[in-house]
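Please read the following account with the sequence and the coordinates open side by side. It starts where the chains meet and then goes through each chain in turn.

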Amino acid sequence: MKLLFAEDTHDLSRAVCAVLAHEGYEVDTAFDGEEAADLIHKNGYDAIVLDIMMPKKNGIEVLKELRESNIVTPVLLLTAKSEIDDRVTGLDAGADDYLTKPFAMKELLARLRAMTRRRTQYQGGDLTYKDLMLKETNFELSSENSVRLSIKEFELLRTLLMNAERALSSSYLLEQIWNEEPEASEDTLWLYISYLNRKLSAVASSVKILGSRGESYQLVSEE
Amino acid sequence: MESIYGEHLPKLEEIRLEMENRISKIREEIRENVGMDTIEHCLSRIKSEESMREKCRRKHLPETAESALKIIHDAIGFRIVCAFVDDVYTIRDRLTAFEDCKIIKEKDYIRHAKSNGYRSYHMILQVRGAYYVEFQLRTISMDTWAALEHHLKYKKEIKNEELIIQELKRCADELASTDITMQTIRDMILE
């Protein structure tokens, strides 16, 4: 597992990196914000630790930049104890977690484990429900038969599957799936629900989506 | 050499034409009622002497009219290519409604695609207790896929065969998905 540890205090960096390496992580170090940003754009990491107070570019700027370029790598921020505002700004800017300095090494390790665990479960996982399987890697929907979904169909079905048996309102679903497309309407959503229902029955699954145009939708199994 | 079909060849041709006419009538009727053509095209053939003999040998059957007409059921074959998925089932229902025909076998490879991705509706009808006719019904995109897959089968020594088989399966699943999407759109237009 590969980490980036960005912290301008050399002694702290050296000590932490020694422990991380001992724990089996492969660690790159950066000592200012610009160096961190360069490394993030050049290399792929499984997790990034950013100190907020860094020269040249602070941790929050680095974080904002990488989220803007659609890098979704989990980020842990290191903040000073007193700076509540920093923590709020950091989380709002797309940080996954934070740790206040000074911190205990074993807490840092535990938070890194938790953060990377969430990521692997979320990314690699295939979603299953009753007789249905939805593959995250290739958008394949299968039961007795299989079809490939389009991106929007996949995102919609994934949201419904992660909330199986719960009623989700049209406005919530539109916001989740068509957030960037203001022209999408309840009719758009209804059409996609119709696609999915036909595709669910084409793969001969017992799963279907209940609900009518403009109302809430609920994924259930008739098993 | 005598034909493997013996004296039956004219009769086979007669039944093929009769079925072709019935299908044209169905097509015309639906067009008048719904205003849309359900059938994109319809092909039929009498299996050639050569392929019938080859099939007998492959199945370890004597090369006789008995084998070609009673044991093997695709001496007369139809391929009906439809516009939309639902049309396949509409036509299926019309074919099974022929009063002088009996359904011998039905295989729905649309509902249960073959492991390589092949999709089609297969059906064998027996006409007036005597001759058999095989029907293959599918959509345009299923037909397109089958045409490409056919090339693969007859080309020996394909590089990356595993990858190509996997990719063809993906294409089949994507086309099937698109077929359903277009069907849903048509339903919505006709609503």
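In this predicted model, 14 residues of chain A are in contact with 13 residues of chain B. Helix 8 of chain A gives the most, with 6 residues. By class, this side of chain A is made up of 6 nonpolar, 3 polar and 5 charged residues. For the complex, the predictor reports an ipTM of 0.74 and a pTM of 0.67.

Which residues does B:Ile80 touch, leaving aside its neighbours within four places in sequence? The contacts of B:Ile80 are B:Ile23, B:Ile39, B:Cys42, B:Ile91, B:Phe135 and B:Leu137.

Chain B can now be taken as a whole. Its 191 residues are 28% buried, and its secondary structure consists of 6 helices and 5 strands. Read from the N terminus, the elements of chain B follow the order α-β-α-α-β-α-β-β-β-α-α. Of the contacts in chain B with a separation of 6 or more, 66% are between residues 24 or more positions apart. The mean pLDDT of chain B is 93, and 100% of its residues reach 70 or more.

In chain B, 5 strands form an open sheet in the order 1-2-5-4-3, with mixed pairing. Strand 1 (39–46) and strand 3 (101–108) of chain B are the edge strands, each pairing on one side only. On average, neighbouring strands of this sheet are turned by 15 degrees against each other, direction ignored. Strand 3 of chain B runs antiparallel to strand 4 (residues 121–127) of chain B, and 7 bridges join the two. Within this pair, B:Lys105 has B:Ile124 in strand 4 of chain B as its bridge partner.

Helices lie against this sheet. Helix 1 (residues 9–34) of chain B packs on the sheet and touches strand 1, strand 2 (76–82), strand 4 and strand 5 (131–139) of chain B. The direction of helix 1 makes about 175 degrees with that of strand 1 of chain B. Helix 5 (residues 140–154) of chain B lies across strand 1, strand 2 and strand 5 of chain B, and runs at about 105 degrees to strand 5 of chain B.

Chain A has an open sheet of 5 strands in the order 2-1-3-4-5, with parallel pairing. Strand 2 and strand 5 (97–101) of chain A each have a single partner strand, so one side of each is left without a neighbour in the sheet. The twist averages 20 degrees from one strand to the next. Strand 1 and strand 2 of chain A run parallel and are joined by 5 bridges; A:Ala6 stands opposite A:Ala30 in strand 2 of chain A. Helix 4 (residues 84–92) of chain A packs on the sheet, where it touches strand 4 (75–80) and strand 5 of chain A. The direction of helix 4 makes about 165 degrees with that of strand 4 of chain A.

Helix 2 (residues 33–42) of chain A has as its buried residues A:Gly33, A:Glu35, A:Ala36, A:Ala37 and A:Ile40. Their cover includes strand 1 (2–6), strand 2 (26–30), strand 3 (47–51) and helix 3 (59–68) of chain A.

Some backbone details remain. The peptide bond from A:Lys101 to A:Pro102 is cis, with omega near -5 degrees, and A:Pro102 is found in the loop between strand 5 and helix 5 (105–124) of chain A. A:Ala204, although not a glycine, has a positive phi of about 60 degrees. A:Ala204 is in the loop between helix 8 and strand 11 (207–210) of chain A. With 13 other C-beta atoms within 10 Å, A:Ala204 is partly exposed. B:His60 is not a glycine either, and has a positive phi of about 55 degrees. Its place is the loop between helix 2 (49–58) and helix 3 (65–71) of chain B. Is B:His60 buried or exposed? B:His60 counts as exposed because it has 7 C-beta neighbours inside 10 Å.

Notes. Residues numbered from 1 in each chain as written. Chains lettered and ligands numbered in written order. Predicted model: local features only at pLDDT ≥ 70, side-chain atom pairs only at ≥ 80, totals over all residues. Helix = DSSP H or I, 4+ residues; strand = E, 2+ residues; numbered from the N terminus. Buried ≥ 20, exposed ≤ 12 C-beta atoms within 10 Å, placed from the backbone. Contact = placed C-beta atoms within 7 Å. Nonpolar A, V, L, I, M, F, W, Y, C, P; charged D, E, K, R; others polar. Pairing = 2+ DSSP bridges. Axes fitted to C-alpha atoms, helices over the stretch in contact; angles between N-to-C directions. pLDDT = per-residue confidence, 0-100.
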